[in-house]
Each structure stands twice: as C-alpha cells, then as structure tokens.
Amino acid sequence: MARISLDPPRTLLYRISEWYSRRTFGAVLDPVRAVAHHRKVMLTTLRFELSLGRWNRLDPQLKLLAVMASSHVIGCSWCTDFGYWEAHNEGMPSQKLHAVPSWREHREAFTEPELDVLEYAEAMSVTPPAVTDALAARLLERLGEAAFVELTAVIAVENQRSRMNSAFGLTGQGFSDRCAVPSRA
C-alpha cells in the first residue's frame, strides 16, 4: 500500500504527464502520481528523466541489466516490475531477465561484460558502496571512459528512483504481467 495518495491534484502539468505516461507506457506511472503532489519536484524529475533517455554511450542492454540489478539489491518491487517490462520490450531474453536477482548462480546466462556490470551495479547499490579498483579497471577497459561514466550515473539514478519509490511504498504496477506468455487454456 502506497504511503502517499496516488490521486494528486489534477493540475495542467499533471494532466499532461498523465497523457504522456498513458501514451508511452500504457498506464500512468505510480511514481508520477506520487511526485505530482509537489510541482517543482515533478518538473525537475520529468526534465531529468527525459534527458536520461538521450544518454547513448553505454550499450542499452548493459544499461537495462544495471538498472535491474540495482533495483533488486535495494528491493524496490515497483522498479523491478517496470524494469522487467522495459527490458522485455527491448528484446532481452526472459531467461536472462529471470536470472538477474541470482546472477552469481546463473553466470552461464551472461557474457563477461554483463557479469561485470551486474557486479558493479550490486557493489554501487549496497551501503556503503563496495566498488573495488579491480572491478572499475575492468569496466573502464571493456567500456571506455564515457560508457563507464554513463554506467555509474545510471546506477546512481536507479538508486535514487528505487529508494524514493520504496520510501513512498510503491509496489509492482503489473508491467511485468504484460510480458507473460498467455496460457493456451
């Protein structure tokens, strides 16, 4: 149960955001509903999220894995639900998606760069962060400086999202249910 009303004032800004969210994601995102109670927070969040979508130095599949791993470590069910849906829509195989929470036991499902990204996302998301020099050096070597910076920023942003959504008490919104294979029955 959300700790904040998901029925915010119906300002013009909220109605535009509601329309965009439905058009883009098929539903109004609960985090949008939550932040809509504070106009400046909502505007800042919307501008920031739109600019994040233009970052393009990191392979999109690695970015999605990093976001999912981070949300799992923090325990944000809303972010996990949405992340699964987003990665599924980007063509990531379901078996890989299901292996993210226990990636160490399913190493064979991932490439070496993916394993490094999962380890890095996990190390950045624990408190205190546990990033090692060796892991950072491997990622810098594999990805290059620009992609490494983007990876680090993406994980930091997901930490913010996951912690905020968890504090709001947001839970899965059913996005991952849309990915399920329909029953033949």
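Modeller: W78 and F175 are both buried. The model is predicted. The ring count for the structure is eight aromatic pairs. W78 with F175 makes one of these pairs, and its geometry is edge-to-face. The ring centres of W78 and F175 are 6.2 Å apart, with 75° between the planes. W78 belongs to helix α5, residues 77–89, while F175 sits in the segment after α9. The two residues are 97 apart in sequence, so the pair ties together separate parts of the chain.

Ring pairs join F25, W78, F82, W85 and F175 into one cluster.

W78 has another partner to look at, N165. This asparagine is in helix α9. N165 has a relative accessibility of 6%, so it counts as buried, the limit being under 20%. Leaving out residues up to four places away in sequence, N165 touches W78, along with P31, C76, C79 and L170.

Stay on α9 for a second ring pair. Y120 and F148 are both buried. Their ring centres are 5.4 Å apart and their planes meet at 40°, so this pair is tilted. Y120 is in helix α7, residues 112–125, and F148 is in helix α9. They are 28 residues apart, and the pair links distant parts of the chain.

Helix α8 covers residues 133–143 and helix α9 covers residues 145–168. Their axes come within 7 Å and cross at roughly 125°. The two helices are therefore oblique to each other. The crossing of α8 past α9 is right-handed. On the α8 side, A136, L139, L140 and L143 make the contact; on the α9 side, E145, A147, F148 and L151 do. By class, seven of the contact residues are nonpolar, none is polar and one is charged.

Now step back along the chain from α8. P128 lies in the loop between α7 and α8. The peptide bond that joins T127 to P128 is cis, with omega about -5°. Most peptide bonds are trans.

V100 is in the loop between α6, residues 94–99, and α7. V100 is buried, at 2% relative accessible area. Setting aside neighbours within four places in sequence, V100 is in contact with L65, M68, A69, H72, F110 and L118. Take M68 from that list: V100 and M68 are 32 residues apart in sequence, yet 7.2 Å apart in space, C-alpha to C-alpha.

Helix α1 covers residues 12–25, and helix α3 covers residues 39–52. Their axes come within 11 Å and cross at roughly 35°. This crossing is left-handed. α1 supplies L13, Y14, S17 and Y20, and α3 supplies R39, M42, L43, L46 and L50. By class, that contact has seven nonpolar residues, one polar and one charged.

Key. Residues are numbered from 1 along each chain as its sequence is written. This is a predicted model: local features need pLDDT of at least 70, side-chain atom pairs count only at pLDDT 80 or more; totals for chains, interfaces and linings use all residues. Side-chain values use heavy atoms; hydrogens and water are left out. Axes are lines fitted to C-alpha atoms, for helices over the stretch in contact, and angles run from 0 to 180 degrees between N-to-C directions. Helices (H or I, at least four residues) and strands (E, at least two) are DSSP runs, numbered from the N terminus. Angles under 35 degrees count as roughly parallel, over 145 as roughly antiparallel, 65 to 115 as roughly perpendicular and the rest as oblique. A crossing is left-handed if the near helix is turned anticlockwise from the far one by less than a right angle, and right-handed if clockwise. Contact means heavy atoms within 4.5 Å. Ala, Val, Leu, Ile, Met, Phe, Trp, Tyr, Cys and Pro count as nonpolar, Asp, Glu, Lys and Arg as charged, and the others, Gly among them, as polar. Rings of Phe, Tyr and Trp (its six-membered ring) pair if their centres lie within 6.5 Å; planes under 30 degrees apart count as stacked, over 60 as edge-to-face and the rest as tilted. Buried means under 20% relative accessible area, exposed over 50%, partly exposed in between (1.4 Å probe, protein chains only).
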